[in-house]
Amino acid sequence: LVDVEKELNSLSIEKLRERANVYRERFSRTLSNLIQGSVEASAQDWGESLETEQLRGGSFIENDFVQSERWQSILDIEVGNIKNLLYGGAQFRRAMREFI
């Protein structure tokens with residue numbers, strides 16, 4: 001409690017303005033990057049394989065409709081990158097190839 005009181009007593013209007021300006025600039029920069037699509041996230045941390053996407057989002061193919069081995073062969077040839085962890089635009093393009 002004593003440390004908190006010391007910190008509160010040491011604050012000044014100038015320090016608060018400086019911290020607010022730093023926060024505002026960082027927030028504005030991040031928002032701008034987000035809108036422009038240049039915010040990067042690690043595909044290793046956030047990416048999904050095609051199998052993970054299908055499990056999370058559901059599949060549009062009935063299990064009896066296509067044999068599993070044949071379906072995997074079609075995905076390998078037509079879609080590609082089925083085992084790679086993709087995120088963002090690359091993941092979107094792979095999903096589009098799946099339906100084209």
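Modeller: Helices (H or I, at least four residues) and strands (E, at least two) are DSSP runs, numbered from the N terminus. The part I pick is Leu86, which lies in the loop between H5 and H6. Before the details, note that this is a predicted model, in which local features need pLDDT of at least 70, side-chain atom pairs count only at pLDDT 80 or more, and totals for chains, interfaces and linings use all residues. Residues are numbered from 1 along each chain as its sequence is written, and side-chain values use heavy atoms, with hydrogens and water left out.

The protein has six helices and zero strands, so its elements run α-α-α-α-α-α from the N terminus on. The mean pLDDT (the predictor's confidence in each residue, from 0 to 100) is 78 for the protein, and 86% of the residues score at least 70. Confidence is lowest in helix H5 (residues 68-79), with a mean of 75, and highest in H2, with 87. Where pLDDT is low, the predicted coordinates should not be read in detail.

Now to Leu86 itself. Leu86 counts as buried because its relative accessibility is 14%; buried means under 20% relative accessible area, exposed over 50%, and partly exposed in between, with a 1.4 Å probe and protein chains only. Of the 100 residues of the protein, 16% count as buried. Leaving out residues up to four places away in sequence, Leu86 touches Gly47, Glu48, Asn81, Gln91 and Arg94, where a contact means heavy atoms within 4.5 Å. The C-alpha atoms of Leu86 and Ser42 are separated by 9.2 Å, although these residues are 44 residues apart along the chain. For the whole protein, 57% of the contacts with a separation of 6 or more are made by residues 24 or more positions apart.

Gln91, one of the residues touched by Leu86, lies in helix H6 (residues 89-99). At 15% relative accessibility, Gln91 is buried too. With the same exclusion of residues up to four places away, Gln91 touches Glu48, Glu53 and Leu86.

For contrast, turn to the surface. The protein exposes about 8,800 Å² (Shrake-Rupley method, 1.4 Å probe; for residues, only the protein chains shown count as cover), and carbon and sulfur atoms supply 54% of this area. A nonpolar patch is formed by Tyr23, Phe27, Leu31, Leu34 and Ile35, with about 560 Å² of accessible area together. Patches are made of residues with over 30% relative accessible area and no salt bridge; like charges are joined within 9 Å, and nonpolar side chains (Val, Leu, Ile, Met, Phe, Trp, Tyr) within 5 Å. A salt bridge is a side-chain nitrogen of Lys or Arg within 4 Å of a carboxyl oxygen of Asp or Glu. The count comes to one salt bridge: Glu25 with Arg24, the closest N and O atoms being 3.0 Å apart. Glu25 is partly exposed at 39% relative accessibility, and Arg24 is partly exposed at 43%.

Tyr23 and Phe27 are four residues apart in helix H2, so about one helical turn separates them.
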